[in-house]
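Hello,

Here is the structure for your files. My notes on it come after the model.

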Amino acid sequence: MKLIWYMLILLLFVPVQSLLMPSISLNGIQPDLGVILLYFIGLVYGELDGLLLGSLIGFLMDLFSGGSLGANLVSKALVGWGSGMIGRTVLNVNAFFTLGSVFGLSLLNGLLSFLFVYLITGGWGFWASFRWVIAPEAFYNAILATVLFLLISRSIEAARLKSQGFSLP
Amino acid sequence: MLRSLVNYRHLIVLVLFTTLIVFLLSPELQHRPMLIVERPASYLVLFFQRGLSALAEGISHGWSNYVALSRVYEQNQRMETAIEQLKTENTQFQEAVIANDRLTELLGFKQRSPFRMTAAEVIGRDLSSWYRTIMINKGEQDGLSSNMGVVTPSGVVGRIVKTGATYSHVLLLVDPNSAVAALIQRSREEGIVAGTEKGLAQMKYLSTIADVEVGDLVLTSGLAGSFPKGLPIGKVSRAEKKETDLTQQVEIIPAVDFSRLEEVLVITSVPF
């Protein structure tokens, strides 16, 4: 069942990110659905699932973006891995925690992406990138993930407990 | 043996992952990213992309019809179903007229132009905020290749940077990595137009003594292969000279509204 969900996520991710996310972009910055998805997947299913799905999502993003291979592959894999670590070590995940975690993970994603973009194409300066892309995208991702968390927090908690061998009373 | 492998599975995955990255980052793959994976993956994902694109268009049309119907309902609750039907048809007709006008303009521009062009539809935008690109529904099968210029009747859109069998990625003029050879129409001063991190365009390499004024029209100079001479790029919105700088800071408002791109023309051959 989990595998079918993962396949569906992989098939629908590119169309949703490239068609729907630009329509809710603010000042040219669109939320990164990859980071938000990987946060929830890592939180529930752990580092390994986060890492593997992160690298697949990242690979697809690189393949269907105008840039070179690598930036999203590495950053998304590490975001997935990081989310898994958060899920394994933190007991009570709430909205504020989600806000902070997704903001931090988005900053990590942005900084790694910048490093790759800078090394391969070189068109961006660091402070301009931070001001115009990394920070606004991190804010946007964090807010969207928190809203999503508030909507599905009970399902997330149930899935977390189930994946760790417990069940909700 | 199996148990010890299971115990070290995190480490094994991490090592495999690092090896994969090193493999994928090799320069040869950067030029042609894993054809074996790319082709089937692109066919599969593009199938869903086209489906969702059509669905989004349908929802958008449905929504505008709904809005139109709601207004009619508020204005006259006793209006007959037949009239509502006519209103809906009228909305659809107007949408068709607008699309027709847009395509006629595109076709007229294509026929007037002395160079060969291929029309394409925009089917997506870049997945990340790092690149300002669009995806179009024509690729190598239609004779498109990297570095071909992309335009609309309003002006320059960008150039193709990556092609697949049935799709291409177009790097927009407003991307910091884009570069188009340009000139100021009034004073014939030459420079390079590139994007900025803010998503605007700027003209680079204009010396401090170059004659540039706000409102000047910027055109392609035809010096670099992708675009013929004389296509509109935009208008100068700010020109700033600093005593310490060797060049001027010239900001440009692009002639094309990149947020509303629906159809574009790819220049497949440029006359010299």
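This is a predicted model: local features need pLDDT of at least 70, side-chain atom pairs count only at pLDDT 80 or more; totals for chains, interfaces and linings use all residues.

Helix pair in chain A. Helix 4 of chain A spans residues 71-89 and helix 5 of chain A spans residues 95-120. Their axes lie 9 Å apart, and the packing angle is about 155°. An angle over 145 degrees counts as roughly antiparallel, so helix 4 and helix 5 of chain A are placed in that class. Their crossing is right-handed. On the helix 4 side, the residues in the contact include A:Val74, A:Leu78, A:Val79 and A:Ile86. Among those they meet in helix 5 of chain A are A:Leu105, A:Leu108, A:Leu112 and A:Phe116. By class, this contact between helix 4 and helix 5 of chain A has 10 nonpolar, seven polar and no charged residues.

Contact between chains. Chain A puts 41 residues in contact with 37 residues of chain B. On the chain A side, at least two residues each come from helix 1 (2-20), helix 3 (47-63), helix 4, helix 5 and helix 6 (126-163). That side of chain A consists of 22 nonpolar, 16 polar and three charged residues.

Barrel in chain B. Six strands of chain B form a closed barrel in the order 1-2-5-4-3-12, and the pairing is antiparallel. On average, neighbouring strands of this sheet are turned by 45° against each other, direction ignored. Strand 1 (residues 116-125) and strand 12 (residues 263-269) of chain B are joined by six bridges in the antiparallel sense. B:Ala120 sits opposite B:Val264, a residue of strand 12 of chain B.

Regards

Key: Residues are numbered from 1 along each chain as its sequence is written. Chains are lettered from A and ligands numbered from 1 in the order in which they are written. Two strands pair if DSSP finds at least two bridges between them. Helices (H or I, at least four residues) and strands (E, at least two) are DSSP runs, numbered from the N terminus. Axes are lines fitted to C-alpha atoms, for helices over the stretch in contact, and angles run from 0 to 180 degrees between N-to-C directions. Angles under 35 degrees count as roughly parallel, over 145 as roughly antiparallel, 65 to 115 as roughly perpendicular and the rest as oblique. A crossing is left-handed if the near helix is turned anticlockwise from the far one by less than a right angle, and right-handed if clockwise. Two residues are in contact if their C-beta atoms, placed from the backbone, lie within 7 Å. Ala, Val, Leu, Ile, Met, Phe, Trp, Tyr, Cys and Pro count as nonpolar, Asp, Glu, Lys and Arg as charged, and the others, Gly among them, as polar.
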